[in-house]
Amino acid sequence: MPAQKKSLKLILLSLAFLLLLIVGEHLSRNSLLPRLATRVDGSSSAFATSAFSLLMKFDAQLCRALGCVDRSLSDFAAWKITSVTLLPENAREGLKNPSNQSVLQVEIQNRLALPVLFPNLEISLTDAEELPIKTIQFSPQEWLPILWQESHPNFLRQGAPSGEIISAEFPISLPQNAAGYRVRVFYPEK
């Protein structure tokens, strides 16, 4: 009889621990999932990718059963700027064009295996000594292509799907002494 009581206690303790894990995952999913999310650009191990995929399936079933608040996260580390090019709007005119209009081409990717809210883009223009001259900021509504925005009407709330690569280009006016530029992503403080 005492051995039977011990095994029953062990089973009940195991079930209580499992229930605690399930409830804990459900309550902390909006902070837990982003921390555990793997990268879709091939930098995560196959084991981590498989484990995260299983966690997402379990989380989806748990959300169906208990209901969840699904929020996209703001994580600037999720974004990878894959290419940036600044070109004169009309290459033949070159320096003859006094307004110095140029076109900025940016390709950016959400590397996380979760949707991520779109960041703002900031272009820092520098002179020949790499001293800052001008900073230009673009909100997602300004830098995302119009066709992409139209095909994803809830993009501000839902964010970029996992692995999404966005190519955008937009005109900017450069100061005459601009010699270099840097592009970064950021989330404005609320």
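Modeller: Strands of a sheet pair through backbone hydrogen bonds, either parallel or antiparallel. In this predicted model, strand S2 (residues 101-110) pairs with S5 in the antiparallel sense over nine bridges. Two strands count as paired if DSSP finds at least two bridges between them; strands are DSSP runs of E with at least two residues, helices are runs of H or I with at least four, and both are numbered from the N terminus. Within this region, Val-103 stands opposite Pro-171 in S5.

Biologist: In what order do the three strands of the open sheet stand?

Modeller: The order is S1-S2-S5, with antiparallel pairing. Strand S1 (79-88) and strand S5 (165-173) are at the edges with a single partner strand each, so one side of each has no neighbour in the sheet.

Biologist: How does one read an aromatic pair?

Modeller: A pair of aromatic rings is described by the distance of the centres and the angle of the planes. Rings of Phe, Tyr and Trp (its six-membered ring) pair if their centres lie within 6.5 Å; planes under 30 degrees apart are stacked, over 60 edge-to-face, and the rest tilted. The whole structure holds six aromatic pairs. In one of them, the ring centres of Phe-118 and Trp-148 are 5.1 Å apart with planes at 85 degrees, so the pair is edge-to-face. Phe-118 lies in the loop between S2 and strand S3 (120-126) and Trp-148 in helix H5 (residues 146-151), so parts 30 residues apart in sequence are tied together.

Biologist: Is Phe-118 buried or exposed?

Modeller: Phe-118 is buried, with a relative accessible area of 7%; Trp-148 is buried as well, at 12%. Buried means under 20% relative accessible area, exposed over 50%, and partly exposed in between (1.4 Å probe, protein chains only).

Biologist: How are the rings of Phe-138 and Phe-170 placed?

Modeller: Their centres are 4.4 Å apart and their planes at 55 degrees, so this pair is tilted. Phe-138 belongs to strand S4 (residues 132-138) and Phe-170 to strand S5, 32 residues apart. Phe-138 is buried at 11% relative accessibility, and Phe-170 is buried at 7%.

Conventions: Residues are numbered from 1 along each chain as its sequence is written. This is a predicted model: local features need pLDDT of at least 70, side-chain atom pairs count only at pLDDT 80 or more; totals for chains, interfaces and linings use all residues. Side-chain values use heavy atoms; hydrogens and water are left out.
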